[in-house]
Amino acid sequence: MAWFNRQKSGVEDGGEGEKKVRTEGLWLKCEKCGQIIWKKALDENLQVCPKCEHHFRIDARVRLATLFDNGEFEEFDPNLVSTNPLNFVDSKTYDERLHAMQEATQLSDALISASGKLAGRPVNICAMELKFIGGSMGAVVGEMITRAVERSLDSKTPLIIVSASGGARMMEGVVSLMQLAKISAALARLDKANVPYISVLTDPTTGGVTASFAMLGDLNIAEPGALIGFAGPRVIEQTIRQKLPAGFQRSEFLLAHGMLDAVVHRKEMKPYIARALDFMAA
């Protein structure tokens, strides 16, 4: 019991009365500037480095909590799971990989679809989970987003999709690729009905997600420094045999070249979206 109490308090007995304070996991190093950051301070700053403003990646549930009022929302389609249409096998079977990811993330697939209020306005928000097979888009992600679009159509409620993905899921082959057309067709119906759709691109947003719904918003906004593109920079350089400019495929570069409408700090994301919806819904 004495050992347990010492561990819980964060103090270990080093022998002969020596005390050692456990600091593992209490501090993080910024990937960009190298600053050592107290984890609690980082949490309080929405996972943004207080020195250089580098935006750390956050998971889907945290993302939804930052956007919905009081962090409250109703989740939809949490039990949709892939049927493994190709019986895919690489270093392990696709079924094994899915099960491992479901255990690790407590999600059925790489997206959470939810509804609630943002600054008092009812909205539907889909947030992708990068930790689930790289946030890849398969049949389940496509179906969940399409259902969210249909709910927005039925209730005339604005839709927000927060992308964080490596692209289409190779384990589902052409089935995953068909989701690009499926979601795009649903969003076309949303556009025809004059229901606002805002796309939020975070680090990273690549592949088939960029080639479909991530770039189809009435308003396309991104977090600072987010990697956004179809193919990776190295693949492009090898294809065109030219050196790419500094910052290529980062959100600031895309904004300067007309691919985005705005780059918005994470702290300002919710009020920015609220103001945009006030304008668009009016």
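A polar contact is a pair of N or O atoms within 3.5 Å, where one must be able to donate a hydrogen and the other to accept it. Keep that handy; the model you're looking at is predicted.

**Exercise 1.** Find the side chain with which the side chain of K182 makes a polar contact, and say whether K182 is buried, partly exposed or exposed.

*Solution.* Start by locating K182: it's in helix α6, residues 173-192. Next, list its contacts, skipping neighbours within four places in sequence: G142, E143 and T146. Of these, E143 is the one to pick, as its side chain makes a polar contact with the K182 side chain at 2.5 Å. G142 is 40 residues away along the chain, yet its C-alpha atom is 7.3 Å from that of K182.

**Exercise 2.** Work out how helix α5 runs relative to α6.

*Solution.* Take the axes of α5 (residues 139-155) and α6: they come within 9 Å and cross at roughly 5 degrees. Angles under 35 degrees count as roughly parallel, so α5 is roughly parallel to α6. Now look at who makes the contact: G142, E143 and T146 are among the α5 residues, and K182, I183 and A186 are among those of α6.

**Exercise 3.** Classify the ring pair F248 and F253.

*Solution.* First get the distance: the ring centres are 5.6 Å apart. Then the angle: the planes sit at 70 degrees, so the pair is edge-to-face, since over 60 counts that way. As a side check, F248 has a relative accessible area of 24%, so F248 is partly exposed.

Methods
Residues numbered from 1 in each chain as written. Predicted model: local features only at pLDDT ≥ 70, side-chain atom pairs only at ≥ 80, totals over all residues. Heavy atoms only, no water. Phe/Tyr/Trp six-rings, centres within 6.5 Å; stacked < 30°, edge-to-face > 60°. Buried < 20%, exposed > 50% of the residue type's maximum accessible area, 1.4 Å probe, protein only. Helix = DSSP H or I, 4+ residues; strand = E, 2+ residues; numbered from the N terminus. Contact = heavy atoms within 4.5 Å. Axes fitted to C-alpha atoms, helices over the stretch in contact; angles between N-to-C directions. Parallel < 35°, antiparallel > 145°, perpendicular 65-115°, else oblique.
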